[in-house]
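Here's a quick tour for anyone meeting this structure for the first time. Have a look around, and then we'll walk through a few of its parts.

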Amino acid sequence: MYKIKREDLPALFQKIAADQELYLPVRTADQTNFGVWREEAEVDLDTLKTVKSPKDVFFPQSETLYTCYREGKKLSVEPETLKEQDFVVFGMKACDIKGVEVLDRVFLSDPIDTFYAARRDHGTIVALACHEPEETCFCKVFGVDAAHPAADVAAWMVEDTLYWKPETEKGQKLTENLADLLEKAEDAGSETAVAEEEEKIRSIIEELPYSHLSLEGWNGDVLMERFESPLWEELYKPCLACGTCTFVCPTCQCYDIKDYDTGHGVQRYRCWDSCMYSDFTMMAHGNNRTSQKERFRQRFMHKLVYFPANNDGMYSCVGCGRCVEKCPASLNIVKVIKAFQEKEGAKA
């Protein structure tokens, strides 16, 4: 394990950014999101959760796939170059890292998404443990350990010191490149500081209101029972179909593909989409989900039933709590889980 003083972190960031891109939480217009580090950037490592997850480092909100050109009767297609430069994502929380694992199941399964795979190959993740989890967090429900995130490097901020532990080959390589700035932390005091920080984080999580949500009833052969439940009719009505939940979610992977005439060629690009929109999956004959109830149900059935059924029990939710915080109608996955839990409790 290694350590570095908080006041020396700008030098660490500068060293990383000297030969690769560095993404980390940056505060702009009173909001914190992951962005490219620059010396003038207002780095914000104290905000627990960025507004959006950092998934767009690996799965951008919009990206060009290829460009078509026409010269007379001749057409040519120029594919977009895959990511070639190494980069570091600094400060990801355990829930967002788990979200990347969910995306891996989607984009690295056959057929592999080469754009995503290139970014994963070139990216190194430095995780930062959650110093003080908030009331909207429920990562423990989905097996996420906010006290010791699984990444290339695990880090803990304890008072004015950042403790740094490489955990993969990528993490070890990054650590070696920063050897002149990182001090070895072989003393018992450093081990104790990290252990106490982990214990404190886990004790906070135990006291949070949603940490003990039960997923009982979402496992096994429950597809039709859940799909046909009359509860959806009650739950969906406040939904505004704004799509906020899908855009702040670390695991939502739906996208659309569009063409744009630049005047010098036609670019084909993909961009995030939302299953909450009425034109999502629109085909020549129309939409296969014609009501907001069906679209609302699709979102939560996918996260809690369809995805785990096809991915060895892995849920497509990581308990980050962003949908709890951001939904203007106070609809979220916690409310859905609790509604079914209360209904089944009443039956019993």
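In what order do the 8 strands of the open sheet come? Keep in mind that the model is predicted. Reading across, you get E3-E2-E6-E7-E8-E9-E1-E10, and the pairing is mixed. The edges belong to strand E3 (31-36) and strand E10 (183-184), each of which pairs on one side only.

In general, the strands of a sheet pair through backbone hydrogen bonds, and they can do so parallel or antiparallel. Here, strand E6 (residues 87-92) and strand E7 (residues 123-128) run parallel, with 5 bridges joining them. To spot one such link, find phenylalanine 90: its bridge partner in E7 is valine 126.

| Helix | Strands touched | Angle between directions |
|---|---|---|
| H1 (residues 9-17) | E1 (2-5), E2 (21-28), E6, E8 (153-158), E9 (161-166) | about 135 degrees with E2 |
| H2 (residues 94-107) | E6, E7 | about 130 degrees with E6 |

So much for the overall layout; let's zoom in on one residue. Valine 26 sits in strand E2. Is valine 26 buried or exposed? Its relative accessibility is 12%, so valine 26 counts as buried, the cut-off being under 20%.

What does valine 26 touch, leaving out residues up to four places away in sequence? Its contacts include Gln31, Thr32, Asn33 and Gly35, along with Val36, Ala41 and Glu42. Valine 36 is 10 residues from valine 26 in sequence, and their C-alpha atoms are 8.0 Å apart in space.

How values were computed: Residues are numbered from 1 along each chain as its sequence is written. This is a predicted model: local features need pLDDT of at least 70, side-chain atom pairs count only at pLDDT 80 or more; totals for chains, interfaces and linings use all residues. Side-chain values use heavy atoms; hydrogens and water are left out. Two strands pair if DSSP finds at least two bridges between them. Helices (H or I, at least four residues) and strands (E, at least two) are DSSP runs, numbered from the N terminus. Contact means heavy atoms within 4.5 Å. Axes are lines fitted to C-alpha atoms, for helices over the stretch in contact, and angles run from 0 to 180 degrees between N-to-C directions. Buried means under 20% relative accessible area, exposed over 50%, partly exposed in between (1.4 Å probe, protein chains only).
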